[in-house]
Amino acid sequence: MILTILLTLLNIQTDFKGFPDRETAEYYSSILGCEGSFSVIKDGENFFLPCKNQDELDDFIQEREVEPKVTEIWDPEPEVVTPGNSFRDAPSDAIILFDGTNLDNWMHKNGDPAKWDLGDGFFTVKPGTGDILSREVFGSCQLHVEFRSPLKIEGDGQDRGNSGVYFMENYEVGDTGYEVQVLDSYDNRTYSNGQAGSVYKQHSPLVNASKKPGEWQTYDIIFKAPIFNENGGLESPAYITVFHNGVLIQNNSQIQGYVKYIGYPEYKAHASKLPIKLQDHSNLVSFRNIWIRRL
Ligand code: MG
């Protein structure tokens, strides 16, 4: 916990200059596993940081960051809310990404037709075939997608009904989209910022509106694309609002960067329109009724 606080200060709080006294810096040295402290002058003031010098501090931080656990947030656990029953039909201006009959609008990253299994009005992840991408590309958008966790419960935590809806997947680089987690979070505890409806490893959902495995669920997502300047710098981050089974679970959450399992999120400049991605996480998650509106 204390280590997480330190890593958050150093990596995320961009206005963090250091500790005002040597004692605190050395306390954090003991948490990190290095020795001593060093002083830095910022804005004419003296601050102290853990370890002997900046290089050593960077090395120790990197070492600690390879632990995936560092970015897991467990508390608070989102409260459980029981959603209503209705689903949503596409409006007249929507682009239909899946109408129940074929996977023509989807492909694997090498351009091959999507090999996932087509059922009666839905399709299911075919483990090992890889993620699928929308053939059309999108920036800011409103997306409706329905998913179903496998009725047969297998695994727990992150290994139960895991998939994901990614916005702006930069597939030439690989795994750089912004993920809304798909997971069977019905009576299945995991870290809060990794459960269903989380912005994976960034924002926990406000509540847990999950339905039971085997029941169809909806995500209605409003995604605002990030904006980069000509030099590749971030001008405006991405924002996301998510309704899970009609319940607001992300309220204009600011996305901190593309999804990372290990380490802190960061932005990397990319095109203004990129595919939507659905994740093959080896679990038999099904999808249906996918439509999208450009914003
Ligand atoms: Mg996932």
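Let's start in a loop: Lys152 sits between strand E9 and strand E10 (163–167). Helices (H or I, at least four residues) and strands (E, at least two) are DSSP runs, numbered from the N terminus. Is Lys152 buried or exposed? Lys152 counts as exposed, because it has 8 C-beta neighbours inside 10 Å. The cut-offs are these: a residue is buried if 20 or more other C-beta atoms lie within 10 Å of its own, exposed if 12 or fewer, and partly exposed in between, with C-beta atoms placed from the backbone. From Lys152 to Asp120 the C-alpha to C-alpha distance is 19 Å, and the two are 32 residues apart in sequence.

Before going further, two notes on reading the model. Residues are numbered from 1 along each chain as its sequence is written. The model is predicted, so to speak of local features pLDDT of at least 70 is needed, side-chain atom pairs count only at pLDDT 80 or more, and totals for chains, interfaces and linings use all residues.

**Strand pairing around E13**

Two strands pair if DSSP finds at least two bridges between them.

| Pair | Sense | Bridges |
|---|---|---|
| E9 (residues 141–148) and E13 (residues 216–224) | antiparallel | eight bridges |
| E13 and E16 (residues 239–244) | antiparallel | six bridges |

Towards E16, Asp220 has Phe243 as its bridge partner.

**Helix H2**

Helix H2 covers residues 22–32, and its buried residues are Ala25, Tyr28, Ser29 and Leu32. They line one face of the helix, because they fall within an arc of 115° seen down the axis of H2; the arc is that of the directions from the helix axis to the C-beta atoms. Glu23 and Ser30, on the other side of H2, are exposed. After H2 comes Gly33, with a positive phi near 100°.

**The whole chain**

The protein chain holds three helices and 19 strands. Its radius of gyration is 21 Å, close to the 19 Å that the globule rule gives for 295 residues, so the chain is as compact as a globular protein of that length. That radius is taken over C-alpha atoms, and the rule is 2.2 Å times the number of residues to the power 0.38. Buried residues account for 35% of the 295 residues.

The domain assignment, automatic or from a database, gives domain 1 (2–71) and domain 2 (95–294). Their centres, taken over C-alpha atoms, are 34 Å apart.
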